[in-house]
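Please walk through this structure with me. We will take one chain, then the other, then what they share.

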Amino acid sequence: MYQLTGVTRDYQKGRHTVHALNGVDLVIEDGDWLAIQGPTGHGKSTLLQILGALDRPTSGTVQFDGMDLARLRESQLTQVRAASIGFIFQSFNLIPTLSAQENVETALVPLGVTSAERQDRAHRALADVGLAERARHLPSELSGGQQQRVAIARALVKQPTVLLADEPTGNLDEGTRDEIMTLLEQLWDQLRLTLVIVSHDSIVAARAQRTGLMENGRLTVEASPTSPFPEEGTQHNVFPQTH
Amino acid sequence: MFFTYLRRELRRRMRQAIFIALGLALGIGLVITVIAASSGVSSSQGTVLHSLYGVGTDINVTQTPTAGSGGPTRFGFGGGNSGSKPQSGTSFSRSVLTSGGLGTLQSSAVTTVSGLKNVSAAAGALTLTDLKLSGTINAGGSGTGQGGAASAPGGRSSIKSSSFSVTGVDLANGSLGPLSSGKITSGQNFGSSDSTSNVAVVDANYAKAQNLKTGSTFQVAGKKFTVIGIVSVAQGSTSADVYIPLARAQALASMTNEVNTIYVSAASAADISAVSSEISGALPKATVTTSSDLASEVTGSLSSASSLANNLGKWLAVAVLVAAFGLASLLTVSAVSRRVREFGTLKALGWRNRRILSQIMGEALAIGLIGGAAGVALGVAGAALVQALAPPLTATTATSAAAGPGGAGGPGGGAGFARAAQSATHTVSVHLTAPVTLGAILLAVVLALAGGLVAGSFGGWRAVRLRPAAALARVV
């Protein structure tokens with residue numbers, strides 16, 4: 001479970017300070033599916049990086065499974081990323097020189113599992129996303145949708161509790177987008193993951209339990225009108241915006 | 001995963017990897033070639049010094065001739081009345097041993113030197129020239145001797161001259177001195193009982209020219225000597241034509257208890273400079289020359305090759321190596337910069353900085369080792385090329401017994417004849433070898449690893465500094 005309180009993130013850009021996050025309060029329960037929308041440059045990705053232990057807030061607390069990510073050492077953040085958090089990126093971010101199977105295995109390297117177990121688990125993860133037959137192919141030999149499936153397998157092979165996706169369908173056509181979203185929905189449901197997706201695409205956002213809107217570094221969260229888990233009212237922000 | 005990732009990455013960056021490896025190879029190859037050439041030059045210098053001054057000699061002691069010494073050698077005519085006016089038609093043939101203006105030391109100096117601390121052995125030698133004049137005096141009969149003149153211009157006399165060099169060898173210390181670098185090719189060397197005998201060991205080249213063999217007899221200063229051995233001394237050495245026992249040389253030249261060179265061997269190489277100072281103290285008027293002094297006196301193409309290998313070659317190799325290291329580092333940093341997204345992703349997956357660093361270092365070291373292997377091959381080829389193409393080198397050195405001012409060639413009178421001082425320089429021709437030693441190859445491996453480490457460190461530093469969020473911000 002995530003509990004963000006008064007999170008700010010400032011960047012220095014030349015002589016100016018950019019307030020990427022401007023006091024974000026947010027609670028994400030285990031198993032939640034939250035979609036975050038908003039204009040470019042308003043802090044969506046910054047929030048996702050803080051949730052993913054890739055960055056620290058300038059102020060505020062980020063409670064995750066009883067730890068404050070804002071105060072952990074770099075090595076501890078690395079450990080959290082390795083064990084608990086899966087990432088999916090818009091550009092897939094596969095290692096171009098490694099095969100699909102080897103790309104999936106890279107997620108298990110920090111966990112110190114044996115080579116045989118690594119190969120076995122990677123193979124099963126690829127089978128789960130329907131790419132067992134393409135295990136030996138290089139990313140350049142796969143379509144965009146297939147590459148994103150490999151990325152999903154890589155994110156999930158270590159059995160994380162949280163899956164963070166940044167524009168996961170941004171580089172895909174509509175048909176492939178629906179295919180990937182259906183797959184993510186299935187996996188979220190089967191694995192009881194906490195899923196946070198940043199997307200411009202309102203169709204993607206509409207499939208989430210809850211949607212948040214980032215504007216000028218502030219977050220407003222509400223239940224998605226088409227969510228399978230509709231809630232009463234429109235304000236679902238546990239910690240109402242006070243800024 | 002480490003090796004798979006490393007191999008695939010190197011394959012992807014093959015052109016760049018080859019470029020970096022070739023740069024390192026060029027630097028390392030040059031270092032090996034220069035080391036080999038330098039070692040060859042040192043070896044050639046050693047050969048030259050050994051042939052010129054004898055194996056095992058650390059220090060040479062000579063005496064600077066005093067001004068005016070070494071005046072004309074006089075030949076007597078007419079019933080032994082030297083300088084008397086000969087009658088027309090007189091035939092003559094005279095042979096004398098002369099020191100040719102070389103400074104002399106008392107034999108007691110040898111004992112003094114051998115008694116000094118840290119001196120393991122000392123041997124005296126007397127270098128002389130056997131001059132022979134023969135001919136007929138036609139008329140007038142007087143001439144003015146000129147240094148080195150082959151005929152007396154004062155009359156129309158027909159005079160022939162010939163000479164050969166004779167060295168008196170200290171038989172008590174045969175392992176040191178002028179014969180030490182020689183190899184007896186026929187007959188035998190002197191024995192301790194030969195010190196008062198008229199026996200000689202003849203240089204192989206001179207023996208061939210004079211058709212002398214073991215058992216042959218010939219004349220030294222008019223005395224009959226028997227050849228007991230033929231000696232071959234390394235390449236064009238300054239060796240004498242004929243070696244005879246020191247005592248005989250002293251007697252024939254009327255130079256009893258005199259020598260003109262003392263060969264000294266120090267107890268160890270570290271003692272040479274101390275021994276040199278001690279000798280200077282004990283024999284203040286003597287010229288003390290150490291082997292390193294002798295090396296610095298060597299001139300000619302060998303000396304040029306030496307300075308080429310030690311100066312230009314060394315700095316060229318260092319410059320190329322530094323350039324190769326710099327190039328490898330720049331290209332590695334550039335490659336890391338192009339892989340920012342990749343490393344950001346790996347950090348997002350939970351890869352520790354140490355793991356990413358070792359991956360980059362591994363790639364750089366692999367390129368370094370490939371460069372090192374190619375460098376060794378280039379170096380061996382370069383050394384072989386130097387050996388094959390290098391022209392024969394010559395070394396010219398001043399003899400330590402050069403004549404001093406006024407030492408020779410003074411005006412003579414009557415039928416006098418003066419010979420110039422012994423040749424002031426000697427030239428030795430040597431073939432340059434360029435041996436590639438195991439040490440040089442080990443150095444190449446170390447350099448290759450160092451090149452890889454330097455390049456990898458820069459690249460790794462760049463990757464480790466990278467914040468994962470910043471790396472991913474470029475793509476999200």
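Two residues are in contact if their C-beta atoms, placed from the backbone, lie within 7 Å. Among contacts in chain A between residues at least 6 apart in sequence, 65% join residues at least 24 apart. In chain B, the share of such contacts that join residues at least 24 apart is 85%.

A word on the model and its labels. This is a predicted model, in which local features need pLDDT of at least 70, side-chain atom pairs count only at pLDDT 80 or more, and totals for chains, interfaces and linings use all residues. Residues are numbered from 1 along each chain as its sequence is written, while chains are lettered from A and ligands numbered from 1 in the order in which they are written.

Start with chain A. It has 7 helices and 10 strands. Helices (H or I, at least four residues) and strands (E, at least two) are DSSP runs, numbered from the N terminus. Of the 243 residues in chain A, 49% are buried. A residue is buried if 20 or more other C-beta atoms lie within 10 Å of its own, exposed if 12 or fewer, and partly exposed in between; these C-beta atoms, too, are placed from the backbone.

Now find Ala35(A). It sits in strand β3, residues 33-37 of chain A. Why is Ala35(A) counted as buried? Because it has 25 C-beta neighbours inside 10 Å. Leaving aside neighbours within four places in sequence, its contacts include Ile197(A), Val204(A) and Thr211(A). Ser199(A) is another contact. Ala35(A) and Ser199(A) are 164 residues apart along the chain, yet their C-alpha atoms are separated by 7.0 Å.

Move on to helix α1 of chain A, residues 44-51. It is mostly covered, with 8 of its 8 residues buried. Among them are Lys44(A), Gln49(A) and Leu51(A). Just after α1(A), Ala53(A) takes a positive phi of about 60°.

Chain B comes next. It has 12 helices and 15 strands. Buried residues make up 47% of its 476 residues.

Finally, look at the cores. A nonpolar core is a set of buried Ala, Val, Leu, Ile, Met, Phe, Trp, Tyr and Cys residues joined through C-beta atoms within 7 Å. The largest has 120 residues, and Ala153(A), Val31(B) and Ile32(B) have the most contacts inside it. Helix α2 of chain B, residues 14-53, gives the most to this core, with 14 residues. A second, separate core has 51 residues, including Phe190(B) and Val259(B).
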